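The sequence and structure come first.

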Amino acid sequence: MFWRKTRTAIEGFHPVHQGLIWQRTASVTLPPAEWNAVVTSLAQHEGTVKRRKWRLPDRTVTVLVPLIRVLCEDVAPDGLVGVTADLRGPKVPGKAGPSQRLPARRPIRSITEWFALDPWLAVRAVLHDGSVLELTVTDRVRYRKIHKVNPRGKHKTKTKTKTVQRITARRTLPPGTEARRPDTPPPPWIAVRVKSGKRTVISSTMKVAPAPAEVDMLQWILAVATEPFRWTPPATTARRTA
């Protein structure tokens with residue numbers, strides 16, 4: 001009874017907003033005007049929903065919303081931005097690979113290791129200048145379960161994790177546009193690849209280990225997304241992503 005008003009309020013949110021609450025996922029392609037409606041709906045969440053289990057995933061506020069706002073600034077009014085977000089985390093069934101036993105020495109009885117691959121964000125946007133920007137963010141989490149027995153015979157089990165985040169940006173240029181090496185090289189932690197063809201493709205990739213904190217994640221994503229824009233003449237670049 002107490003939460004009936006909150007449920008009614010949630011039913012009035014944008015469908016994409018509701019999907020992030022109930023399934024913690026979203027996969028949709030919308031024009032900028034419709035994305036603005038989604039962002040407006042999300043802005044009402046904190047003041048309306050207080051129950052812990054109905055909170056938005058942390059990355060919705062720290063990464064997804066500001067990234068959508070930035071992309072919509074560089075998309076034509078009749079353009080589209082596609083977002084696929086899976087914010088359920090790496091422990092969801094199907095994301096973890098097989099486990100293996102590692103060598104152990106006393107007092108450690110056993111060490112079990114496995115990895116989980118979590119491709120939690122994919123974005124595609126057609127920009128003002130006719131280029132296509134694609135972003136992907138993937139977390140690779142290493143789990144180690146350690147079973148230890150102390151001198152008194154007490155068993156203890158601990159699971160340690162280490163996360164490496166891979167960020168990739170791919171910009172497909174309009175037909176006839178060629179890449180140009182910038183005056184200053186990219187940072188050493190960003191790898192850039194240029195593939196020539198009918199439409200030149202510029203890709204930038206970075207691995208962050210350990211994965212950045214939630215509040216710092218957006219700036220790393222934007223740093224990788226901005227790099228392909230330095231590889232074209234200023235006349236062909238409408239506006240930078242960041």
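In this predicted model, Trp-22 has a relative accessibility of 39% and is therefore partly exposed, since that value falls between the 20% and 50% cut-offs. Trp-54, at 3% relative accessibility, is under the 20% limit and so counts as buried.

The structure holds two aromatic pairs, listed below.

| Pair | Geometry | Centre to centre | Angle between planes |
|---|---|---|---|
| Trp-22 and Trp-54 | edge-to-face | 5.9 Å | 80° |
| Trp-114 and Tyr-143 | stacked | 5.3 Å | 10° |

The pair of Trp-22 and Trp-54 joins distant parts of the chain, 32 residues apart: Trp-22 belongs to helix α2 (residues 15-22), and Trp-54 to the loop between α4 and α5. Trp-114 in strand β4 and Tyr-143 in strand β5 are 29 residues apart, and their pair also links distant parts of the chain. Trp-114 and Tyr-143 are both buried.

Two arginines lie over rings. Arg-51 is over the face of Trp-54, 5.1 Å from the ring centre. Arg-140 places its charged end over the ring of Phe-115, at 4.1 Å from the centre.

The largest pocket has a volume of about 320 Å³. It is lined by 15 residues, with Leu-42, His-45, Glu-46, Leu-56 and Val-61 closest to the centre. Helix α5 gives the largest share of this lining, four residues. By type, the lining of the largest pocket has eight nonpolar, one polar and six charged residues.

The second largest pocket holds about 260 Å³ of space. Of its 16 lining residues, Arg-59, Gly-89, Pro-90, Asp-139 and Glu-214 are closest to the centre. At least two lining residues each come from α5, β4 (108-126) and β5 (132-149). The lining of the second largest pocket comprises seven nonpolar, two polar and seven charged residues.

Definitions and conventions. Residues numbered from 1 in each chain as written. Predicted model: local features only at pLDDT ≥ 70, side-chain atom pairs only at ≥ 80, totals over all residues. Heavy atoms only, no water. 1 Å grid on protein atoms, 1.4 Å probe; cavity = no way out; pocket = protein on both sides within 12 Å on 5 of 7 lines; lining within 4 Å. Points joined across faces, edges and corners; volume = space filled by probe spheres on them. Nonpolar A, V, L, I, M, F, W, Y, C, P; charged D, E, K, R; others polar. Phe/Tyr/Trp six-rings, centres within 6.5 Å; stacked < 30°, edge-to-face > 60°. Buried < 20%, exposed > 50% of the residue type's maximum accessible area, 1.4 Å probe, protein only. Lys NZ or Arg CZ within 6 Å of the ring centre and 35° of its normal.
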